[in-house]
Structures are given as C-alpha cells and as structure tokens.
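Thank you all for coming.

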Amino acid sequence: MTFKNIYNALLDVLFPRICPVCDSVLASHEQHICTKCLTDIPITRYHTDKFNAMEQLFAGKVPIEHASGFFFYEKGNPYANIIHDLKYRNQPQLGRFVATLYAKQLVACGYFSDIDYIIPVPLHPRKKRKRGYNQSELIAQGFADVFNVPILTDIIVAVRDHDTQTAKGIYERWLNTQGIFDVNNSEYLENKHILLVDDVVTTGATLLSAASTIAHIPGIKISLATLGVARLK
C-alpha cells in the first residue's frame, strides 16, 4: 500500500465521505456518490428522444438545436441533494463529477457532437463572491473534460443580481430574470454552436434569459444542458 493510499484511508476514517443521496459512508473506490445511488439515478434519457420535453419547454421562445438534462429533479427526492450540495453546501467538485458522467453518455450516442464552445450560465459577482464559485462553471468543466472544447466565462455576463427563484411562480420567475445578462465580444460567437450549461431547469426562466441574450448573433446555434430537470409536462 502506498503512502497516498494510507493517507486517504486515514482521511476516510477521520472525515468520512458521505453520499449526498443516501447518507451512507462512501467506500474508498467510490467518488462523491455511492455505487447503488449512481445505478438508481432517475435519468431522463432526453438525449434519446426526438423533441423531448425540455426542448418543448423552449420551443417558440428562443431557437435551440438541442436541450437535455441528466436526471429528474424533484423537491423532496433524495437526488435533489446532488443539486443542493453542489449549490449551497460547498461541494463544487460534485458538479464536475456528475457532469462528466453525463457527458460520456452524450458522447456515446453523438449528442452535442458539433459544439464549438461551452458557456456556463453566469452568477452575479456579488453572489459568486458569497458562494465562492459558480456551480455552472464546475458543470461546464465536466462537459469540457469529455467534449474537449473550450469554456467561455466572460462572453455572457450577469449585470444584475436577482432574488432566488425557489418560491416564485412561473410568471414571477420570468420577470425576475429579465435583463439580468449581457453579452461581450459577441463576434466570437458568430456562426458557432454554443452549449449553454446550468445546474437545473424548472420553469426554464434563467436559461431562457441567457439564451435570449445571444440569440440575435449572426449564424449562432444554441443548445442547452443541465444536470437536473423538473418533470416537465
């Protein structure tokens, strides 16, 4: 056994790593989520459906090529803890890990095969300073690790902070996200296929606002990806 293995084993004893879904202690070979919970994750399989529910959510509002989310996000479901731990409980690498798993599935079936750039939905600087990171950037890194395309973090910028969306209805969320983003150096996106990445989509208001900010750029193609997605009807 190497010193590194001994050190990691000692850390697991002193500071046990916990699965965010079932709260069980992770085995030494498990990363972030236990094997059973990874096996049982409620995946959407949207990337295998033509005109899936997430694409329907944005249809007629902003032109998109494809849209897909990894797993169903439901309030009170233990799998919602993946998003909560990533977003509010200082677990940034959880986002990169789960995004990598999802990206490997997408690559295997050729989904998002011609992406030029990945753009994470930005946080307002004040909120990013408070949280310490933008969770969407970590998710974007997981996609970039697999797709091998650049991440752009300074093209779409958050110019206005907004209240949390959690307790708001559909119309209130739409109002809350109006005018929160702007675009810099838009010429970089001309005739490019952009993958916009966020943590979760419920009503789609935030992603819609971000996509609308760049939809006017000549020749642009926009696709959307998230980890969590509400069960859309």
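What you see here is a predicted model, and I will start with Glu 74, which forms a salt bridge with Arg 231, with the closest N and O atoms 3.3 Å apart. Glu 74 sits in the loop between strand 1 and helix 4, while Arg 231 belongs to the segment after strand 6, so this pair ties together parts that are 157 residues apart in sequence. Both partners are partly exposed, Glu 74 with a relative accessible area of 30% and Arg 231 at 47% relative accessibility.

A search of the whole structure finds seven salt bridges, and among them is the one between Arg 89 and Asp 85, at 2.5 Å from N to O. Here Asp 85 counts as buried, at 13% relative accessibility, whereas Arg 89, at 44%, counts as partly exposed. Another joins Glu 137 to Lys 128, the closest N and O atoms being 3.0 Å apart, and Lys 128 is partly exposed at 31% relative accessibility.

Which residues touch the most other members of the largest nonpolar core? Of its 37 residues, these are Ile 33, Ile 82, Ile 118, Phe 143 and Phe 147. Several elements give two or more residues to this core, including strand 1, helix 4 and helix 7, and helix 5 gives the most, with seven residues. Beyond its neighbours within four places in sequence, Ile 82 is in contact with Val 21, Ile 33, Ile 41, Phe 71, Leu 94 and Val 98. A second, separate core has 34 residues, including Ala 158, Ile 180, Leu 196 and Ala 211.

Conventions: Residues numbered from 1 in each chain as written. Predicted model: local features only at pLDDT ≥ 70, side-chain atom pairs only at ≥ 80, totals over all residues. Heavy atoms only, no water. Core = buried A, V, L, I, M, F, W, Y, C linked by side-chain atoms within 4.5 Å. Buried < 20%, exposed > 50% of the residue type's maximum accessible area, 1.4 Å probe, protein only. Helix = DSSP H or I, 4+ residues; strand = E, 2+ residues; numbered from the N terminus. Contact = heavy atoms within 4.5 Å. Salt bridge = Lys/Arg side-chain N within 4 Å of Asp/Glu carboxyl O.
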